[in-house]
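Here is a short note to go with the entry. The points can be checked one by one against the coordinates.

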There are 2 protein chains.
Amino acid sequence: MGIAGYTFAKFSIEQSIAMMKRIAVTDLSLKDIHLPVNSSDAQIASALAKYKEGGINIYTVGVIYMKTKEAVDAAFAYAKKVGVTMIVGVPNYDLIEYSEQKVKEYDIKLAIHNHGPEDALYPAPSDVYNRIKNLDARMGMCIDIGHSLRAGTLPEKAIKMYKDRLFDIHIKDINSATKDGKGIEIGRGVININAVIESLKKINYTGYCSIEFEKDMTDPLPGIAESIGYFKGVMNSED
Amino acid sequence: MGIAGYTFAKFSIEQSIAMMKRIAVTDLSLKDIHLPVNSSDAQIASALAKYKEGGINIYTVGVIYMKTKEAVDAAFAYAKKVGVTMIVGVPNYDLIEYSEQKVKEYDIKLAIHNHGPEDALYPAPSDVYNRIKNLDARMGMCIDIGHSLRAGTLPEKAIKMYKDRLFDIHIKDINSATKDGKGIEIGRGVININAVIESLKKINYTGYCSIEFEKDMTDPLPGIAESIGYFKGVMNSED
């Protein structure tokens, strides 16, 4: 289990670490809110030292939006400096090929993130998969299960269909399987968490499942804790 | 799902209600910390009004210790005024028979609570059951799964063995199956929550399962939330 850094959008690195300690989660998808892509080497070193001292493992960076070649360059240079082997990102269509070149150059994977029906680029997991399925095997996807369902795709199906390119998952729940569905504590919403976990077990998924909690963003800890508890409870009881 | 009031020992009624709202739990085992047994009618009415306005259902009172006849009398009079049909209590052995008389007089059930190896009266569930099994059917037990395991009794077994007298359950987890085991978030400890829930389903348990969280008592909300999430996750995925 991990945490998607956007969950801590309203908090400092120190505050995020304190919250992660409370829920006993050590793996983080670092969001640029906490360490901008254009940070200096000294700023990167300082942030990494804080996470390291806090016992936090940064397993990826993202979600990083890439609208220009320069942004792609910057993202890969940043990922290398941070020391991760994967970027969760959103490249414009016309930058996918260029991103693939960078993936090869850096040997850093790119997991493209779907963002729901209002996203012009990648509303559903299929919008990612169809654009990367024939590219380098290090081009993959981060399925956001909430945005997936809002876009009309059952995440438990997407996980199975796109298993060969599934590098990362953002887990959450939503209060309605519609475009306007809002984030809610896992277990209280409409996502079939049992089915999602069954699918993950079926494909022998070995990546992270990172909670992205987008409710009560100024006081998210109880909701994060309930979400992580629920997910672990299902995970530990499904055969 | 409910909450055992001791969880909120360090908080006011208003603060407890606010926390229960965050975790979407409405059923409370009212502890005398929040409404002493010797409260006046006006004090009782005032407290009940707060809970009612907060949407909280007080399904029982307790744990109430009864060391004298007067304490038994007071507990039953109090339970009647609060409007519950059950007391979770700990009567001295020589008051069990007198308590049974009161149970009949008031038609209020008594669920005797086990409190672990250091408890001189009821360390394990069997210490309750053996003393009430031949009494009025409204004499029963509240199994505390943490104290049960600390006393050497697997709670999943106790639930099945004592099902005919099982009126209430305090759920929690502990970090060690020993006398010195301490409270911890459900799912992080040594209690086999899957087995506990399987047993509850097997006996078609219809009572409450109330979280009693005894860690971080000055800031318990994240731990309560994680615990309730975990328990619900297992409950919703076990067949």
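1. The structure is a predicted model. Every value quoted here should be read with that in mind.

2. Relation of the copies. In general, two copies of a chain are related by a rotation about an axis and a shift along it. The contact is made with the same surface on both copies, since 100% of the contact residues of chain B recur in chain A.

3. Cysteines. How many disulfides does a search of the whole structure find? The search, over all chains, returns zero. C209(A) is in no disulfide, and the nearest cysteine sulfur belongs to C142(A), 9.9 Å away. A disulfide requires the two sulfur atoms to lie within 2.5 Å. C209(A) has a relative accessibility of 9% and so counts as buried. In the other chain, C209(B) is likewise in no disulfide, with the sulfur of C142(B) as the nearest one at 9.9 Å. C209(B) is buried too, its relative accessible area being 8%.

4. Helix pair α1(A) and α2(A). Two packed helices are described by the angle between their axes and the distance between the axes. In chain A, helix α1 covers residues 13–22 and helix α2 covers residues 41–53; they pack at an angle of about 20°, with axes 10 Å apart. Because angles under 35 degrees count as roughly parallel, α1(A) is roughly parallel to α2(A). Their crossing is right-handed. On the α1(A) side the residues that meet the partner are I13(A), E14(A) and I17(A), and on the α2(A) side they are A47(A), K50(A) and Y51(A).

5. Y230(A). This residue lies in helix α9 of chain A, residues 221–237. Is Y230(A) buried or exposed? Its relative accessibility is 5%, so Y230(A) counts as buried. Leaving aside residues up to four places away in sequence, Y230(A) touches I186(A), G187(A) and I193(A) in chain A. Across in chain B, Y230(A) touches G229(B), Y230(B), K232(B), G233(B) and N236(B). Y230(A) and I145(A) are 85 residues apart in sequence, and their C-alpha atoms are 15 Å apart in space.

Terms used:
Residues numbered from 1 in each chain as written. Chains lettered and ligands numbered in written order. Predicted model: local features only at pLDDT ≥ 70, side-chain atom pairs only at ≥ 80, totals over all residues. Heavy atoms only, no water. Contact = heavy atoms within 4.5 Å. Buried < 20%, exposed > 50% of the residue type's maximum accessible area, 1.4 Å probe, protein only. Axes fitted to C-alpha atoms, helices over the stretch in contact; angles between N-to-C directions. Helix = DSSP H or I, 4+ residues; strand = E, 2+ residues; numbered from the N terminus. Parallel < 35°, antiparallel > 145°, perpendicular 65-115°, else oblique. Left-handed = near helix turned anticlockwise from the far one by under 90°.
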